[in-house]
Amino acid sequence: MTYAEGIRAGFGYLFKTYPNVFAIGQGLWSPWYVGASMTDLDKEFGRERVIDSQVSELSTTGAAVGASLFGYRPIVIHPRIDFMLLAVDQIVNQAAKWHHMLGGQVSPSLVIRAIINRGGEQGAQHSQALHSWFAHIPGLRVVMPATATDARDLLIAATLSNDPVLYIDDRWLYDWDDEATPIVELDLARQGPLVRRQGTDLTIAAASFSVRLAMQAAEELAKQGISAEVVDVRVLNPIDPAPIVESVRKTGRLLAVDGGWRTCGFAGELLALASESLPSSTWKSPPRRVTLVDAPAPTSKPLEDAYYTKASDVVAAAQSLI
Amino acid sequence: MATEECGYATGFRDTLGALANPKAFTGAIDLAQVESGWAVSKLREMIRIRVAEEFVGELSESGEARCPCHLGIGQEAVAVGVSAHLKSSDRVFGAHRSHSHYLALGGGLTELFGEVLGKEIGSSKGMGGSMHLYGPEVGFHGSVPIVGATIPIATGAGLACKMDGAGGIAVSYFGDGAAEEGLLHESLNMASILKLPVIFVCENNLFSSHLDIHLRQPQNTIARFATAHAMPSHTVDGNDVVAVARATEQLVARARKGEGPGFLEAVTYRWRGHVGAKEDIDVGVRRHPEELVAWKHRDPVRRLADSLIARGAMAVDGVAKITEEMSADCTEAIDRARKAPYPPVSNLLDFVYQRGGK
């Protein structure tokens, strides 16, 4: 099962099992927008439940918030997270706040699915990984699956969660294969970081596509006699620091890898939570992070090559820690 | 005032005509087709709202209520007229100036004052304040101060109504300022395309915060946006509860039958400033004093009362009696709210996610 098939399987399961689930967003009837992740769902489940919408990020997101207050479980889909910025009020001021400011009496239980779609000379407005912004917001759960199984099961868990959830998937992951396992309905509130690979010399913590880079780097490092433990964060907010802290307690070293920018970014948060939790005696070397440089994505190929993190960058940073 | 004197944008068109003229529509409300009992009950509801808002204003002035309070005194006929055709199972959303929307549906006074005072007895458990009222038991599903933000949420509530297929409708209240936000256009378009049972109610009080509509829009009618989105609209005197109710009835009937959304523009005027109890203090901008005085002659309460008295359906001191009764209710409610506890500090984290904790 590929990652894209995992997402589609998640939708299929939800539509089949829960009549109150529907999807709305741009391009849902077109593979051009959402790749193989929603192929023919409209034909299978009807266009009343898979609603291809007008070009209105803000109102479709608000409509999903509204419908979620009355027993529905909407999944609003933004084929590019960049365009989702037009919907930020509904995500940050509305979905994430209503439960708290109305005294816990109501909870917008919607999923906002945002797709990161980078590279390919698409440039600054078709490429952003903005999870750090949204993981800053209390009340909004933020999920970034790295594997096909998680892509499927965390989509289901997000949809069944009573809280608003931002589910971010990355098109660079869509073709990655994973062993197909039976579907499990998870309680999203109980999901957190998982150790994807055991190791003893350093901890590499990452989410989404960066987990793939970390896994590739760990293989390369193993050839050099360096044993890297890879922790897949999976749920960025609310974050459970324990598995990350435990891993660093064991290895004494932390490398955070993130597909976003450096300043006020998620990699910095990983470093901070581990630093705060562990005494200085734990640390065999100061923690480091690998992120994008603080620049918008370029278009030209050689600049793109320099801009995006490669597994070799992770390897080099890991070596510098040892 | 001549256009030049006010610095109005050139090309501005007074498309509302007499409806925006405070010296028009000052006379009797036409009760020809109206049952007296109904009209008296609407008058009582309007007075309840007015008195409650005056008390909120006092609490705000004295500093006892510390949250921003936006009063809709002078606009009572809109919510009362619209609510006349709603059921508690319908789904109504408000904005920052929504005491009237909540109260007109039957929202409780204790819950209102409790919320304004930040007490746990409040409609939002003291977590929201005046701008975040909530009363699902009467059909009021939330209000927020981000301008226009509940318009798509009401549209989504309408989508849920359509999916339910039970004849329910959603109502979105907003002001003329929200017509300057892109999401009104997005939501009207969506509601029209999907034929959603949503009634969009614009309380056009000719002001957004401190700026006159003449300085913000090229025309002063908001119903033009409904025309652009191919939905029926009515533009009525928002200080005439009968006119508001009649127009609402038509739009609601269509929506319940699955014939799609409708748009009501109720032209009215707020007697107080944008926020707080003072008549006009908004960021140093003053409305023309004569205009405010003139609008007070277009008082929705006084006009309905006069019409009822002229018909012989109410005593001359009817308004005073109802006001006294409502004042007593409000005093009791404020007393209860004052004695109620503040929310526990544990709410800070318990209400972030549905099941508390993380």
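Where is the place of A:E121 in chain A? Notes on that and a few other spots follow.

1. Ground rules. This is a predicted model, where local features need pLDDT of at least 70 and side-chain atom pairs count only at pLDDT 80 or more, while totals for chains, interfaces and linings use all residues. Residues are numbered from 1 along each chain as its sequence is written, chains are lettered from A and ligands numbered from 1 in the order in which they are written, and side-chain values use heavy atoms, with hydrogens and water left out.

2. A:E121 sits in the loop between strand 4 (111-116) and helix 8 (131-135) of chain A; helices (H or I, at least four residues) and strands (E, at least two) are DSSP runs, numbered from the N terminus. Its phi is near 60°, a positive value in a residue other than glycine. Have a look, too, at the cis peptide bond joining A:N237 and A:P238, with omega about -5°. A:P238 lies in the loop between strand 10 (235-237) and helix 11 (242-251) of chain A.

3. The interface. Chain B and chain A bury about 3500 Å² between them, 64% of it on carbon and sulfur atoms (buried area being the accessible area, 1.4 Å probe, that two parts lose on being put together, summed over both). Chain B puts 37 residues into the contact and chain A 43, with contact meaning heavy atoms within 4.5 Å.

4. Polar side of that interface. There are 15 residue pairs in polar contact between chain B and chain A, both residues at pLDDT 80 or more. A polar contact is a pair of N or O atoms within 3.5 Å; within protein, one must be able to donate a hydrogen and the other to accept it, and residues adjacent in sequence count only if both atoms are side-chain atoms. Salt bridges across the interface of chain B and chain A come to 0 (side-chain nitrogen of Lys or Arg within 4 Å of a carboxyl oxygen of Asp or Glu).

5. Who contributes from chain B. On the side of chain B that touches chain A, helix 6 of chain B gives the largest share, 9 residues. That side divides into 19 nonpolar, 12 polar and 6 charged residues; Ala, Val, Leu, Ile, Met, Phe, Trp, Tyr, Cys and Pro count as nonpolar, Asp, Glu, Lys and Arg as charged, and the others, Gly among them, as polar.

6. A salt bridge within chain B. Over all chains the structure holds 34 salt bridges. In one of them, B:E64 pairs with B:R338, the closest N and O atoms being 2.7 Å apart. The pair links distant parts of the chain, 274 residues apart: B:E64 is in the loop between helix 2 and helix 3 (76-83) of chain B, and B:R338 is in helix 12 (residues 318-339) of chain B.

7. A helix contact in chain A. A:L58, A:T61, A:G62 and A:V65 in helix 4 of chain A meet A:Q90, A:I91 and A:A95 in helix 6 of chain A. By class, this contact has 4 nonpolar, 3 polar and no charged residues.
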